[in-house]
Amino acid sequence: TLYVIHLSHVEHNMDKCLGLIMKNVSGNSIDPLSHKLMRLSLIYENRATCPSEWFQILKTFPSDSLIHKFLKALPAYSEMQQRCFEMVKKCYNQIPLNFLLNGWFHGFVLVSEISKQYEIKTTSHGTQVIAFEKGKH
């Protein structure tokens, strides 16, 4: 399991990564764990979909699991955070903080991390938002 992620996220070797995953395929179906590993690898290495999906998949692993700890320790983790922020800035001029934390990062980024880079404002209705066009970036 970790070796599949190592191949894609550290060695950047998708041929070996996918080859290893495909060795475990029986018939025409892929087991759920292998499917998650393949999606994580494709999202990271080939930018196959929105970077928030990478965090959504990561959230499905228990926080004390080796795969969860391994991915969070890799430089790929902060790279995926950066990719996600870049995507959000392209899509929104401003975004509610709660939606950013939970809808995009699935709980994998802290308010303290966001406030280092961006200004957090509170609307007249009490909603905290990040306005990217006027942020600290």
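In this predicted model, the sulfur of Cys91 lies 7.0 Å from the closest cysteine sulfur, that of Cys50, which is too far for a bond. A disulfide would need the two sulfur atoms within 2.5 Å. By this rule, the count is 0 disulfides.

**Cysteines**

- Cys50 takes part in no disulfide, and its nearest cysteine sulfur belongs to Cys84, 5.8 Å away.
- Cys50 is partly exposed, at a relative accessible area of 23%.
- Cys91 is also partly exposed, with 46% relative accessibility.

**Helix α2**

- Helix α2 spans residues 14–23, and its buried residues are Met14, Cys17 and Ile21.
- An α-helix has 3.6 residues a turn, so residues three or four places apart point the same way.
- The other side of α2 carries Asp15 and Lys23, which are exposed.
- Among the elements that cover the buried residues of α2 are α1 (2–9) and α3 (32–46).
- At the start of α2, Asn13 brings a side-chain oxygen to within 3.4 Å of the backbone nitrogen of Asp15.

**Gln81**

- Gln81 belongs to helix α6, which runs over residues 75–91.
- Gln81 has a relative accessibility of 10% and therefore counts as buried, the cut-off being under 20%.
- Apart from neighbours within four places in sequence, the residues in contact with Gln81 are Phe55, Phe105, Phe108, Val109 and Glu113.

**His106**

- His106 is found in the loop that lies between α7 (97–104) and α8 (111–117).
- His106 counts as buried, at 15% relative accessibility.
- A polar atom of the His106 side chain lies 3.4 Å from the backbone oxygen of Asn102.
- The backbone oxygen of Gly103 is 3.5 Å from a polar atom of the His106 side chain.
- With neighbours within four places in sequence left aside, His106 contacts Ser52, Phe55, Gln56, Lys59 and Leu101.

Conventions:
Residues numbered from 1 in each chain as written. Predicted model: local features only at pLDDT ≥ 70, side-chain atom pairs only at ≥ 80, totals over all residues. Heavy atoms only, no water. Buried < 20%, exposed > 50% of the residue type's maximum accessible area, 1.4 Å probe, protein only. Helix = DSSP H or I, 4+ residues; strand = E, 2+ residues; numbered from the N terminus. Contact = heavy atoms within 4.5 Å. Polar contact = N/O pair within 3.5 Å; in protein donor to acceptor, adjacent residues only side chain to side chain.
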